[in-house]
Amino acid sequence: MSSSRPRYMLLLLCTHVQKTIASPGRGILAMDESNATCGKRLDSIGLENTEANRQAFRTLLVSVPGLGNHISGAILFEETLYQSTVDGKKIVDILVEQGIVPGIKVDKGLVPLTGSNDESWCQGLDGLASREAAYYQQGARFAKWRTVVSIPNGPSELAVKEAAWGLARYAAISQDNGLVPIVEPEILLDGEHGIERTFEVAQKVWAETFYQMAQNNVMFEGILLKPSMVTPGAECKDRATPEQVADYTLKLLSRRVPPAVPGIMFLSGGQSEVEATLNLNAMNQGPNPWHVSFSYARALQNTCLKTWGGRPENVKAAQEALLLRAKANSLAQLGKYTSDGEAAEAKEGMFVKNYSY
Ligand code: 13P
């Protein structure tokens with residue numbers, strides 16, 4: 001056993017964090033866009049990608065009054081973990097005051113996977129243990145590693161193995177450093193394929209991921225999953241209803257995910273805000289062995305960002321927009337959401353080809 005800490009201690013640490021994150025009616029706010037991705041978001045509202053503008057938007061997000069009633073964890077980019085709000089308070093401290101657990105994106109992004117069919121692999125294992133020890137000191141209690149699998153490009157066996165291996169090594173190292181790992185092999189929405197094909201690929205990806213995690217002695221009680229929902233490709237003409245998405249996704253999870261895993265926190269992947277909420281709601285119409293919730297970035301932040309537009313006088317309205325989405329997803333976690341009264345804007349898809357973080 002490679003772990004330098006006793007396993008029971010790790011389990012205790014993880015259990016406490018997970019109980020908070022996977023608590024009823026709550027989910028994760030993903031706000032861990034890298035500076036480059038954050039720049040694209042800021043550009044969409046005509047703002048320059050400066051540290052001050054990133055800080056202003058992140059301050060707006062974390063200081064929404066009452067956010068902690070619906071949000072249990074926030075994933076941060078490294079810059080934000082060490083960043084203060086515009087009033088000079090540490091962002092991590094604001095989150096803790098709100099009852100929100102701070103988390104950290106630890107992967108170093110995607111690069112081309114040589115020898116594959118134009119696919120990618122995720123960097124970040126070198127020096128991970130020491131980086132994570134520092135992140136823990138800084139207040140992070142969970143971690144995230146996002147790798148991707150592309151359906152139109154294969155996926156090749158090599159790409160799936162590499163994705164699973166990277167996730168498994170990362171999960172083991174994170175647990176050893178007291179951070180709960182969020183395991184995220186994103187199956188990209190890109191493509192014309194139908195829902196059956198996504199289901200088939202997702203089964204392969206999760207089988208390999210759990211196999212590699214077992215090989216690496218990852219404690220399944222001490223992880224959280226961040227899967228893509230099983231949907232048709234973004235360019236497929238046959239669209240699926242929330243009930244169909246829920247059926248396929250829950251079938252996938254029940255075939256592949258042991259009940260020891262405490263929480264499933266879905267990514268939104270380019271779905272519209274309303275679509276992501278409706279799909280989550282459909283999955284919570286009956287009891288599940290795991291907490292089934294959300295860890296959205298775009299599907300929580302989109303209207304909020306547009307409403308803000310970089311103007312101080314819009315901060316309050318933008319915060320209300322975020323709270324509205326957080327509440328809607330909170331209801332969806334409890335299976336009690338209806339889309340009545342949702343704005344047309346919240347129904348617009350946000351799919352972008354080859355989206356990166
Ligand atoms: P989206 O919800 O925008 O797909 O973000 C997912 C993600 O991985 C952010 O941490």
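User: Okay, so a residue is buried if 20 or more other C-beta atoms lie within 10 Å of its own, exposed if 12 or fewer and partly exposed in between, with C-beta atoms placed from the backbone. How many residues of helix 10 are buried?

Analyst: Helix 10 is mostly covered, with 11 of its 11 residues buried. Among them are E273, L278 and M283. Helices (H or I, at least four residues) and strands (E, at least two) are DSSP runs, numbered from the N terminus. Keep in mind that this is a predicted model: local features need pLDDT of at least 70, side-chain atom pairs count only at pLDDT 80 or more, and totals for chains, interfaces and linings use all residues. Residue numbers start from 1 along each chain as its sequence is written.

User: What covers helix 10?

Analyst: The cover over its buried residues includes helix 9, strand 9, strand 10 (291-296), helix 11 and helix 12 (315-333).

User: And helix 9, which of its residues are buried?

Analyst: P242, V245, A246, Y248, T249, L252 and L253. They pack against helix 8 (195-215), strand 9 (263-266) and helix 10 (273-283). In general, an α-helix has 3.6 residues a turn, so residues three or four places apart point the same way.

User: What about strands 6 and 7?

Analyst: Strand 6 and strand 7 (residues 180-187) are parallel too, over 8 bridges. V148 is partnered with E186 in strand 7.

User: Is strand 9 covered on one face or both?

Analyst: Both: G263 and M265 are buried on one side, and I264 and F266 on the other. Side chains in a regular strand alternate between the two faces of the sheet.

User: Where does T231 sit?

Analyst: In the loop between strand 8 (224-225) and helix 9 (242-256). T231 is buried because 24 other C-beta atoms lie within 10 Å. Leaving out residues up to four places away in sequence, T231 touches L189, I195, T198, A240 and V245. Contact here means C-beta atoms, placed from the backbone, within 7 Å. T231 and L189 are 42 residues apart in sequence but 7.8 Å apart in space, C-alpha to C-alpha.

User: Last one: how many residues surround the ligand?

Analyst: 14, and the closest are A30, L267, S268, A297 and R298. A residue is near a molecule if its C-beta atom, placed from the backbone, lies within 6 Å of it. Strand 6 (142-149) and helix 11 (298-308) each supply at least two residues of that shell.

Methods
Two residues are in contact if their C-beta atoms, placed from the backbone, lie within 7 Å. Two strands pair if DSSP finds at least two bridges between them.
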